[in-house]
Every structure is written in C-alpha cells, then in structure tokens.
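Here is a short report on one protein chain. Look at the sequence and the model first, then read on.

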Amino acid sequence: MDLNTLYRTVIMDNYKNPKNKGLKKTDDYHFVHLNNPSCGDEMNVEIKVNNGVIEDVRQDGHGCSISMSSASVMSDLLIGKTINEAKHLIYEFFELVQGIDPEDEEELGEAIAYMGVRQFPARIKCATLAWKAIEKAIEEVEEDVK
Ligand code: ZN
C-alpha cells in the first residue's frame, strides 16, 4: 500500500465511521458553529475543558468527506490533551495543509493524512474547518475562565 492509498483510507474510514459524532448540548460543553461557504460544509463542535485539559470533544455537521473526516480525526487527537498541547497541534495541522512539514509527524497521528490537501488549495478550508472551530472554542473557553 503506498502512502497516498494509506492517507485516502484514513480519510474514508473517518468519513464512514466518524469518531465522537453527535452533540451533548449540556452546560459543561462549549459549542461553536462554523461554515465553509466555498464548499457548503457546516461544522458544529463542542469542547469540555477541566483544569486546562480537554476532557471531551464532540463534532457534528454535514459536508464533504474531507471536512467531515477531518472533524473526526481532530476530535480523536485532541481528547486528553492540555489546552497548550492542543494549540500546538492545531498550529502544526494548519502548517501541514499549507505545505510546511511538521517537526514531529508522529504527534499529528492520523491527521498527517491531510498532507495531500496542500496540492488542492480549494480543499484547505475543508480540511481546516473543524480545527478552526475547535481553536475558536478553546479561545472562548479561556476568555470565560479569565
Ligand atoms: Zn468541503
């Protein structure tokens, strides 16, 4: 299996069997909605933070396979991470899809599969939608804490 096939498999697996899908809509979760008009993707994320640690991420929405699978991969990667670790991984992911190779590929886990998106600039917004939503959610949670 070549690398591109492996990456496609990660994307299709997460599209068909999304992780952490479905919103909780309870007070202990912070909700953010974002959309991507250029493709029609709609993204909802929820985050539960306790003592600076991301205890849970939920995601829901509709759109293309890139945006939906990326939300699944993002949720799986960020659960259990500290806020600072999550911010770092989000930053590394934005760099990855824009063509900058990460210092540590291992830490991005399955998210490395979106490396191929850099060849399709129109799809970068699809790949990053869930990550932008969770970045906004983290910022808003931090504002609330202060
Ligand atoms: Zn899309």
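How many bridges join strand 1 to strand 2, and do they run parallel or antiparallel? In this predicted model, seven bridges link strand 1 (residues 30-36) to strand 2, and the two run antiparallel.

**Strand pairing**

Strand 2 (residues 41-50) also pairs with strand 3 (residues 53-62). That pairing is antiparallel too and has nine bridges. Met43 ties the two pairings together. Leu34 has Met43 as its bridge partner in strand 2. Met43, in turn, has Gly61 as its bridge partner in strand 3. In a regular strand, side chains alternate between the two faces of the sheet.

The table sets them out.

| Hairpin | Residues between the strands | Residue with positive phi | Phi |
|---|---|---|---|
| Strand 1 and strand 2 | four residues | Gly40 | about 90° |
| Strand 2 and strand 3 | two residues | Asn51 | near 50° |

Gly40 sits in the turn between strand 1 and strand 2.

**Overall layout**

The protein chain holds four helices and three strands. Along the sequence the order is α-β-β-β-α-α-α. The C-alpha trace spans about 45 × 30 × 25 Å along its principal axes.

How does the radius of gyration fit a compact globule? A compact globule of 146 residues would have a value near 15 Å; the protein chain has 14 Å, so the two agree.

**Surface and charge**

Of the 146 residues, 43% count as buried. The protein chain exposes about 7,800 Å². Carbon and sulfur atoms supply 49% of that area. There are 16 positive and 27 negative charges. Their mean positions lie 6 Å apart.

**A loop residue**

Where is Ala122 found? Ala122 is in the loop between helix 3 (83-97) and helix 4 (124-145). Is Ala122 buried or exposed? Its relative accessibility is 59%, and the cut-off for exposed is over 50%, so Ala122 counts as exposed.

Ala122 and Cys39 are 83 residues apart along the chain, yet their C-alpha atoms are separated by 8.6 Å.

Notes:
Residues numbered from 1 in each chain as written. Predicted model: local features only at pLDDT ≥ 70, side-chain atom pairs only at ≥ 80, totals over all residues. Heavy atoms only, no water. Rg over C-alpha atoms; globule rule 2.2 N^0.38 Å. Buried < 20%, exposed > 50% of the residue type's maximum accessible area, 1.4 Å probe, protein only. Areas by Shrake-Rupley, 256 points an atom, 1.4 Å probe, with all protein chains shown as cover. Lys, Arg positive; Asp, Glu negative; His and termini not counted. Charge placed at Lys NZ, Arg CZ, Asp CG, Glu CD. Pairing = 2+ DSSP bridges.
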